Amino acid sequence: MSTVTLRGPAGRERGSGVGGTIVIALPLMLTCVCLANKFGLIVVPSGPRVLLIFALLISVMMTGIPISIALGLSVLTFLFTMTEVPLDAVGLKLFTGIEKFEIMAIPFFILAGNFLSHGGVAKRMINFAVTMIGHLHGGLALAGIVACAMFALVCGSSVATVVAIGSIVLPEMVSRGYPMRFGASVITVAGSLGILMLPSLPKVIYAISTNTSIGALFVAGLLPGILLTFMLCTVTWYMARRNDYPRMPKATWAESLRALRDCVWGMMLVVIIVGGIYSGIFTATEAAAMSAVYAFFIAVYVYGEIGLKDVPRVLLRSANLSAMLLYIITNAVLFSFVLANENIPNALADWLLSLNLGPTSFLLLVNALLLVAGNFMDPNSVILIMAPILFPTAMRLGIDPVHFGILIDVNMEVGLCHPPVGLNLYVASGISGVGITELTKAVWPWLVTMLVFLAIVTYWPWLSIVVPVYLGMH
């Protein structure tokens, strides 16, 4: 018995050691191949060179290095050993890559989201949603979904939506008799609306990567977001009715109007974003700046949930997140430069077209690739890496760029809700105390609903482009 007991751990330790050695050795071996090409010991043909850059990136990521640093290391190694690109061109690309005016929208929307998350906007939106649908089966859960949709209209961050709505709704749901795993599942998937509705950081990054109109992408998410909200509410209502979860007393019209009056200051941000862009008063980037100023005003002076002494803390938190995203973008710009230098996007487009893939088959392939990529990388990194590669093929197949952007956005929503990198899942688990494994099992009914929704968005482009076309933005 003792022999068996000793062998088990030893075997696992040896296996783990071998796996760790392979993970460390693989990027070193690939780097040696690059150096051998640099010094003329070998000549790597163009075909394997394409595979080498992706193999190098994946192998470095497998070591546990953050995606931003993995991108930078892989790209610089490839540039200095496999190409003749001069050093000054690399340095110039680092700076010019983030000179785009549209990139300024990212820190402004992050700042606006932080002010809204801590400024009492979420609490008032939840109260309004409860007065409208709280009397239905699973009313508080339904109100959480609707509140997530409302908050997504003004926030632009999925994780911020989960934190802002979940931290208020989940304790209330448990106190009224809902199972915590049910509430955490609802908030996990509903929080993904944060990147689908109006402002959205992934939309900004996609727009920057593909030169697509940010304003058109913003309003393109309205109808898909409303449809997904309805689908999630339907599944939640059905499960709540089947399990006889509690209902809340029906609110009077006076209570609903009072709740609407309380949250109207937050919802006015929708008017500022859409109205300002549509009327031509300001661009999408300027709309982001206006959103940050307006969010500061209502959080500090209207609702009074944040004092002036708390503003530096909010600014610091926003600056940290903005710096992280801009660092990822900078390295991703270099990665895109390498792809363009090696003519990879056009070569891939030619290869896919030679397979006689129509738009239907191509979009199915794109969904499969993005869903797999979402298992290993956060949405911003996936878009920065995959969009420049897939976009040329999509354009040559006649796929609308705005529709393609919303399709990618929905794929990122799904990736946020399942392990191993699903940020919504981890945030909801931290708020609720439900383990990741248990929450992963509980979230499946809603996750399947999101996959059905993905199929609808993929093959019904009208849903994505009708609003920007009607408003003259596309």
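Visitor: Which residues does Thr-161 contact, leaving aside its neighbours within four places in sequence?
Guide: Thr-161 is in contact with Cys-148, Phe-151, Cys-155, Gly-166, Gly-191 and Gly-194. Contact here means heavy atoms within 4.5 Å. This is a predicted model: local features need pLDDT of at least 70, side-chain atom pairs count only at pLDDT 80 or more, and totals for chains, interfaces and linings use all residues. Residues are numbered from 1 along each chain as its sequence is written, and side-chain values use heavy atoms, with hydrogens and water left out.

Visitor: Why is Thr-161 called buried?
Guide: Its relative accessibility is 0%. Buried means under 20% relative accessible area, exposed over 50%, and partly exposed in between (1.4 Å probe, protein chains only). Thr-161 therefore counts as buried. Its place is in helix 8, residues 158-175. Helices are DSSP runs of H or I with at least four residues, numbered from the N terminus.

Visitor: What makes the link between Glu-438 and Arg-181 a salt bridge?
Guide: The test is a side-chain nitrogen of Lys or Arg within 4 Å of a carboxyl oxygen of Asp or Glu. The N to O distance in this pair is 3.1 Å, so the pair meets the definition. The pair links distant parts of the chain. Glu-438 sits in helix 21 (residues 436-442) and Arg-181 in helix 9 (residues 180-190), 257 residues apart.

Visitor: Why is Glu-438 called partly exposed?
Guide: Its relative accessible area is 38%, so Glu-438 falls in the middle class. Arg-181, at 36%, is also partly exposed.

Visitor: How do you know that Arg-313 forms a salt bridge with Asp-310?
Guide: The closest N and O atoms are 3.5 Å apart. That is within the limit, so the pair counts. The structure holds 2 salt bridges.

Visitor: Where do the patch residues come from?
Guide: Helix 13 and helix 14 (284-302) each supply at least two. Helix 13 gives the largest share, 4 residues. Phe-297 lies in helix 14.

Visitor: Why is Asn-211 called exposed?
Guide: Its relative accessibility is 67%, so Asn-211 is over the limit for exposed. Asn-211 lies in the loop between helix 10 (201-210) and helix 11 (214-220). Its phi is positive, about 60 degrees, although it is not a glycine.

Visitor: What makes Asp-244 exposed?
Guide: Asp-244 has a relative accessible area of 61%, so it is exposed. Its loop runs between helix 12 (222-243) and helix 13 (253-279). Asp-244 has a positive phi of about 55 degrees, although it is not a glycine.
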